[in-house]
Amino acid sequence: MTTSATPDRPDDLVLGDATDGVAVAVSPAMRQAKQEAQASHVTIGTAVDHADGRITIGCSCGMTLTNGPGWSLDEHIRLHRAEARYLALSHAAPAGMPRLVPVGADRLPVSR
């Protein structure tokens with residue numbers, strides 16, 4: 001079992017492949033979901049300082065990210081990207097995979 005890609009082992013089969021009898025580390029669907037989420041949530045433009053103390057910046061998804069009374073703009077950007085990755089990976093995850101956050105039949109989070 002190897003821990004890096006080789007000519008006969010593509011990057012998405014980092015820890016092994018089905019022929020090795022070892023589970024694939026990251027499925028192509030999960031990798032693709034993560035990459036799409038990353039590409040869809042990129043900050044655009046320049047941060048804008050507002051007279052009321054807010055600092056905002058746009059996201060390529062259309063949402064405006066901002067600081068607040070208890071969080072920084074950087075924290076909002078990090079949370080936004082993490083939520084985007086979570087939702088994309090959650091949707092791509094195989095049905096029946098054990099989950100920390102309860103999900104419905106559509107594999108998206110349900111209200112508690």
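What follows is a walk through the fold, the sheet, the core and a few individual residues of this chain.

The model is a predicted one. Its chain holds 2 helices and 3 strands, and reading along the sequence gives the pattern α-β-β-β-α. Of the 112 residues, 19% count as buried.

The strands come together in an open sheet of 3 strands, in the order 1-2-3 and with antiparallel pairing. Strand 1 and strand 3 (64-66) sit at the edges, each pairing on one side only. On average, and with direction ignored, neighbouring strands of this sheet are turned by 25° against each other. In general, it is backbone hydrogen bonds that pair the strands of a sheet, either parallel or antiparallel. Here, strand 1 (residues 43-49) and strand 2 (residues 55-59) run antiparallel and are joined by 4 bridges. Asp-49 has Ile-55 of strand 2 as its bridge partner, while Val-48 stands opposite Thr-56 in strand 2. The hairpin made by strand 1 and strand 2 has 5 residues between the strands, and in this hairpin Gly-53 takes a positive phi near 95°.

The side chains of Arg-54 and Asp-52 meet at 2.8 Å, N to O. How open are these two partners to the surroundings? Arg-54 has a relative accessible area of 35%, so it is partly exposed, whereas Asp-52 is exposed because its relative accessible area is 56%. In total, the count comes to 2 salt bridges. The other pairing to look at involves Arg-78 and Asp-74, whose closest N and O atoms are 2.8 Å apart. These residues are 4 apart in helix 2, which means that about one helical turn separates them. Arg-78 is exposed, with a relative accessible area of 57%, and Asp-74 counts as partly exposed at 41% relative accessibility.

Helix 2 itself (residues 73-92) lies across strand 1, strand 2 and strand 3, running at about 135° to strand 3. What makes up the largest nonpolar core? It has 5 residues in all, namely Ile-57, Cys-59, Leu-65, Leu-73 and Ile-77. Strand 2 and helix 2 are the elements that give two or more residues to this core. Setting aside residues up to four places away in sequence, Leu-73 touches Ala-47, Ile-55, Ile-57, Leu-65, Thr-66 and Asn-67.

Two further residues of helix 2 are worth a look, starting with His-76. Is His-76 buried or exposed? With a relative accessibility of 15%, under the 20% cut-off, His-76 counts as buried. Apart from neighbours within four places in sequence, the contacts of His-76 are Met-63, Thr-64, Leu-65, Thr-66 and Trp-71.

At 29% relative accessibility, Tyr-86 counts as partly exposed. Which residues does Tyr-86 contact, leaving aside neighbours within four places in sequence? They are Arg-99, Val-101, Val-103 and Pro-109. Looking back along the chain instead, Lys-34 is 52 residues away from Tyr-86 in sequence, yet 8.4 Å is what separates their C-alpha atoms.

Technical notes: Residues are numbered from 1 along each chain as its sequence is written. This is a predicted model: local features need pLDDT of at least 70, side-chain atom pairs count only at pLDDT 80 or more; totals for chains, interfaces and linings use all residues. Side-chain values use heavy atoms; hydrogens and water are left out. Buried means under 20% relative accessible area, exposed over 50%, partly exposed in between (1.4 Å probe, protein chains only). Contact means heavy atoms within 4.5 Å. Two strands pair if DSSP finds at least two bridges between them. Axes are lines fitted to C-alpha atoms, for helices over the stretch in contact, and angles run from 0 to 180 degrees between N-to-C directions. A salt bridge is a side-chain nitrogen of Lys or Arg within 4 Å of a carboxyl oxygen of Asp or Glu. A nonpolar core is a set of buried Ala, Val, Leu, Ile, Met, Phe, Trp, Tyr and Cys residues joined through side-chain atoms within 4.5 Å.
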